[in-house]
Amino acid sequence: MSLGGRFAGRQGLAVVGAEPVGPYTLLRLERGQLEPGIPGQFFMLEAPGRVLPRPMSLCQAPPGELAFLIDPIGPGTRALCELKAGRTVLVLGPLGNGFDLDLERPLLVAGGIGIAPMPYLAEALRHPPAVLGFRTERHAEAARLLPGATVVVEPRLVTDVLPHDPGDVLACGPEPMLEAVRALVPRAQLAWEAPMACGFGACYGCVVEIAGRYRRLCVDGPVLRDAA
Ligand SMILES: Cc1cc2nc3c(=O)[nH]c(=O)nc-3n(C[C@H](O)[C@H](O)[C@H](O)COP(=O)(O)OP(=O)(O)OC[C@H]3O[C@@H](n4cnc5c(N)ncnc54)[C@H](O)[C@@H]3O)c2cc1C
Ligand code: FES
């Protein structure tokens, strides 16, 4: 399927396993014919029993697999976390714009489930420094997916521990965290979130206002730089 000049595939992928990582679940799927794409791109996963698919960032791409780290916050994500080995999930992707990887001094910054795209991104950038923030120690168990990262737990925030000269920041996390990072590092690449129905520009369900401009996040993002 050609979407905006890029190629995304749609395929039923077998579940290899679903492993707990703190309060999250790492859902491992057979890769099939799908490309893992550029870090920061996302896939639409059909959740059993739900009409609309759910957007998920690729977390890891070991040989022959695609793995997604999922926070069970609602019915769709809970259904995905409960999948058992051998079940099949319909997956569309990779979609959207990923991170620009042509950087001199990358620094990864993530909050909560914003850690999801970081392991695959870290691998592509040859394991740069990373700063991770979590609400609780239990959520912080997910930091094991990014060995060597600086980890803070609330009330400390990732912005409390950013170096004075942070370099090329690539960030993913809740909106207030992204706004705070952008205030400190205006050139940071930020991966934003919005509820999505189609994932490829057709439904206008993901329109968000960022820095005074309306954007379809699935095709203009999810990674935006300079809020441009
Ligand atoms: C590009 C992209 C990548 C994502 N990657 C991941 C990932 O790797 N791991 C992960 O766990 N989640 C990720 N998400 C978020 C995930 O898609 C949603 O949490 C999921 O769709 C919620 O579905 P649900 O049926 O469980 O809950 P719902 O019942 O749909 O939603 C529960 C609550 O969350 C709100 N909500 C739902 N989706 C979003 C959203 N995208 N942004 C803000 N609020 C929302 C709803 O309004 C509602 O209040 C990503 C979202 C986007 C847009
Ligand atoms: S999710 Fe349909 S236009 Fe973005």
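Two residues are in contact here if their C-beta atoms, placed from the backbone, lie within 7 Å. By that rule, among contacts in the protein chain between residues at least 6 apart in sequence, 60% link residues at least 24 apart. Please keep in mind as you look around that this is a predicted model. The protein chain holds four helices and 16 strands, and ligand 1 has 21 residues around it.

**Overall form**

- The protein chain has 228 residues, and a compact globule with that number would have a radius of gyration near 17 Å; the chain has 17 Å, so the two agree.
- Taken along the principal axes, the box filled by the C-alpha atoms is roughly 45 × 35 × 30 Å.
- Buried residues make up 47% of the 228 in the protein chain.

**Strand β3 and its two partners**

- Strand β3 covers residues 9-21 and runs antiparallel to strand β8 (residues 88-95), with six bridges joining them.
- β3 and β4 make a hairpin with two residues between them.
- In the turn of that hairpin, G22 has a positive phi of about 55°.

**The open sheet**

- Six strands make up an open sheet with mixed pairing, and their order is β11-β10-β9-β12-β13-β16.
- β11 (150-153) and β16 (223-225) are the edge strands; each has a single partner strand, so one side of each is left without a neighbour in the sheet.
- On average, neighbouring strands of this sheet are turned by 15° against each other, direction ignored.

**Around ligand 1**

- Of the 21 residues that surround ligand 1, the closest are R54, G74, G76, T77 and A116.
- Two or more residues of the shell come from each of β6 (54-57), β7 (65-70) and α1 (75-81).
- β6 gives the largest share of the shell, with four residues.
- By residue type, the shell around ligand 1 has 14 nonpolar, four polar and three charged residues.

How values were computed: Residues are numbered from 1 along each chain as its sequence is written. Chains are lettered from A and ligands numbered from 1 in the order in which they are written. This is a predicted model: local features need pLDDT of at least 70, side-chain atom pairs count only at pLDDT 80 or more; totals for chains, interfaces and linings use all residues. The radius of gyration is taken over C-alpha atoms; the globule rule is 2.2 Å times the number of residues to the power 0.38. A residue is buried if 20 or more other C-beta atoms lie within 10 Å of its own, exposed if 12 or fewer, and partly exposed in between; C-beta atoms are placed from the backbone. Two strands pair if DSSP finds at least two bridges between them. A residue is near a molecule or strand if its C-beta atom, placed from the backbone, lies within 6 Å of it. Ala, Val, Leu, Ile, Met, Phe, Trp, Tyr, Cys and Pro count as nonpolar, Asp, Glu, Lys and Arg as charged, and the others, Gly among them, as polar. Axes are lines fitted to C-alpha atoms, for helices over the stretch in contact, and angles run from 0 to 180 degrees between N-to-C directions.
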